[in-house]
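Thanks for coming. I will go through the metal site and then some salt bridges.

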Amino acid sequence: MAIREIIILPDKQLRLVSKPIEKVTPQVRKLADDMLETMYDAPGIGLAAIQIAEPVRLITMDLSKKDDEQKQPRVFINPEILSVSEELSVYEEGCLSIPEYYEEVERPATVRIRYLDLDGKVHDEEATGLFATCIQHEIDHLNGVLFVDYLSKLKRDRVMKKFTKAAKQRAIG
Ligand code: NI
């Protein structure tokens with residue numbers, strides 16, 4: 001396992017549409033391991049492969065509480081949203097690719113998802129609460145969508161400007 005570098009805004013790779021995984025190979029398992037290690041190190045509760053510059057449809061997640069001793073790592077391969085509830089819920093979201101920036105986002109409260117696990121087995125599952133928000137946020141990453149896209153133009157422009165400026169400063173320094 002290895003901790004990989006997380007790409008951050010305004011890196012253009014974050015806008016790529018990731019490709020489906022055709023077969024669960026040892027390389028895919030290795031990538032999932034690296035993503036989990038990177039996610040725990042950050043620390044974060046979810047990570048999409050594109051966030052470590054790998055444009056494939058792979059997501060890792062762990063929604064267990066911080067003080068839980070038992071980790072609950074989860075891996076979603078080629079996840080799809082099959083249906084969404086009319087009911088909406090609001091969560092304050094953040095993103096490892098947009099560090100230290102948090103805003104409330106409204107999304108469907110419940111979603112039905114389908115995905116493959118690391119054994120290539122298909123799962124159909126209903127996600128609610130934080131799980132629903134997190135899986136929607138991560139699937140968005142696979143489609144090149146970021147949570148700031150749901151904010152007002154004013155807020156989005158402000159955060160884009162802030163991160164563009166910070167990237168320039170990093171390039172100089
Ligand atoms: Ni994110």
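**Metal site and salt bridges**

Arginine 114 is partly exposed, with a relative accessible area of 33%; partly exposed lies between buried, under 20%, and exposed, over 50% (1.4 Å probe, protein chains only). This is a predicted model, where local features need pLDDT of at least 70, side-chain atom pairs count only at pLDDT 80 or more, and totals for chains, interfaces and linings use all residues. Residues are numbered from 1 along each chain as its sequence is written, and side-chain values use heavy atoms, with hydrogens and water left out.

Arginine 114 forms a salt bridge with aspartate 124, closest N and O atoms 3.8 Å apart; the term needs a side-chain nitrogen of Lys or Arg within 4 Å of a carboxyl oxygen of Asp or Glu. This pair links strand β6 (residues 110-116), holding arginine 114, to strand β7 (residues 122-128), holding aspartate 124. Strands are DSSP runs of E, at least two residues, and helices of H or I, at least four, numbered from the N terminus.

How many salt bridges are there in the whole structure? The search finds eleven. In one of them, glutamate 54 meets arginine 4 at 2.6 Å, N to O. Glutamate 54 is in the loop between β1 and β2 and arginine 4 in the segment before α1, so the pair ties together parts 50 residues apart in sequence. Arg4, Lys30, Asp34 and Glu54 are linked in a salt-bridge network.

Now the nickel ion. Its protein donors are Cys95 (SG), His137 (NE2) and His141 (NE2), 2.1 to 2.3 Å away. Donors are N, O and S atoms within 2.8 Å of the metal (3.2 Å for Na, K and Ca); water is not among the atoms, so sites may look incomplete. Histidine 137 and histidine 141 are both buried.
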